[in-house]
Amino acid sequence: MYSSQTTDQKFNMIARRIMIFFGILMCILGLIGNCLNIFIFTVWYRSRKSPNKFSNFNRSRNSLLYLLVSSFANLIIIIYPLSTRILFDGYQYHINEPQIFIFCKFRYYILHTFYLISLTTICMATFDRYLISSRNAHLRELNSTKKQTIVIIVFICLFIGLHNIPIVFHFNLSFNGECLIFSSAYSYYYLYIVRISLEGLIPILFLSLFGILTFKQLRILEKHNASNHLNSDRQVARMLLLISITIIISSIPNCIEHVYEIVFSYEDRRHSSSFFLFHVISSILFYMNPVMSFYIFYISTPNFRHQLRCFIPHKKTVKYFVKQEDSSKSVPLT
């Protein structure tokens, strides 16, 4: 009995330390990365003409606008839901009755609303690249204009915001200070529709399908036309494909956790400490998508790296010339 309690304490301590260390690290990296994303995508989207050789990257602004909105949504997720998750799991903060709305109801509303907005805009950016790279003229004509893209984004935000309003009413505080859904009907809807379908299976299948189709179309076009804009489209397609892989990695453990909670919700879990450790790991993986987007862009896209270097001031080598008395030439000193 004593050894089992000691083991549980070790698991809990390890889980809390993992959440504190990796959670704070992810907050710092996510804040820096998404702020740089917003800055770079704003410059690209607003610039009519680019003076550098990478101007073809701005051939279509729709994808940039979708990624800009996704970066804003990721920034909000990191500022509020991720930071409070560190507070709950890392420092074992317990919610009081007066804090139910801020730390329970409103928190889960913000988390799922902006996470769905981020996923949906990434899916729309992937679909936009698929339409642009298509050899079918009718599909290319389906590509929306700037005003239509803005209308689509506004509709997405309003629809998701209204859809998630029941979260505010159904999440409540349990006797041990946890945020739970007490309605059995909505708990199944929340699990299978919101968490598994909308935040898991649907974006994974959508991004995988259109990411692969876009790559195939770009390879076909490159055989007939080796222009620079195809290289830019290929970079964006590769960037979005890597994001989809990140979404797959981050979504699966979180879905498994929620299925386990529903199936074994009425049983006494003997390995609650090990389950808490799995919960911490799945939570960290869940926040990988909003945190890692900038670093995926940086690794996969040379245009993105070039634009970032333009923002960072470089030290210029200054040469000083000393005129010699016995010679008409000047000697440079670096």
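## Disulfide

Cysteine 104 and cysteine 179 form a disulfide, with their sulfur atoms 2.4 Å apart. The bond links distant parts of the chain: cysteine 104 sits in helix α3 (residues 100-133), cysteine 179 in strand β2 (residues 179-181), and 75 residues separate the two. A disulfide is a covalent bond between the sulfur atoms of two cysteines. The model described here is predicted, and a search of the whole structure finds 1 disulfide.

Cysteine 35 has a relative accessible area of 43%, so cysteine 35 counts as partly exposed. Cysteine 157 is also partly exposed, because its relative accessibility is 30%.

## Annotated transmembrane regions

An unreviewed UniProt entry lists residues 20-44, 64-88, 108-127, 148-169, 189-215, 236-256 and 276-299 under "transmembrane region".

Two of these spans can be described in the model. Residues 108-127 are 100% helix and 0% strand, and their end C-alpha atoms lie 28 Å apart. Residues 189-215 are likewise 100% helix and 0% strand, with end C-alpha atoms 35 Å apart.

## Asparagine 289

Asparagine 289 belongs to helix α10 (residues 288-300). This residue counts as buried because its relative accessibility is 3%, under the 20% cut-off.

Leaving aside residues up to four places away in sequence, asparagine 289 touches Asn74, Tyr115, Ser118, Leu119, Ile122, Ile243, Thr246, Ile247 and Ser250.

Key:
Residues numbered from 1 in each chain as written. Predicted model: local features only at pLDDT ≥ 70, side-chain atom pairs only at ≥ 80, totals over all residues. Heavy atoms only, no water. Disulfide = S-S within 2.5 Å. Helix = DSSP H or I, 4+ residues; strand = E, 2+ residues; numbered from the N terminus. Buried < 20%, exposed > 50% of the residue type's maximum accessible area, 1.4 Å probe, protein only. UniProt positions renumbered as here; feature names shortened; annotations may be inferred. Contact = heavy atoms within 4.5 Å.
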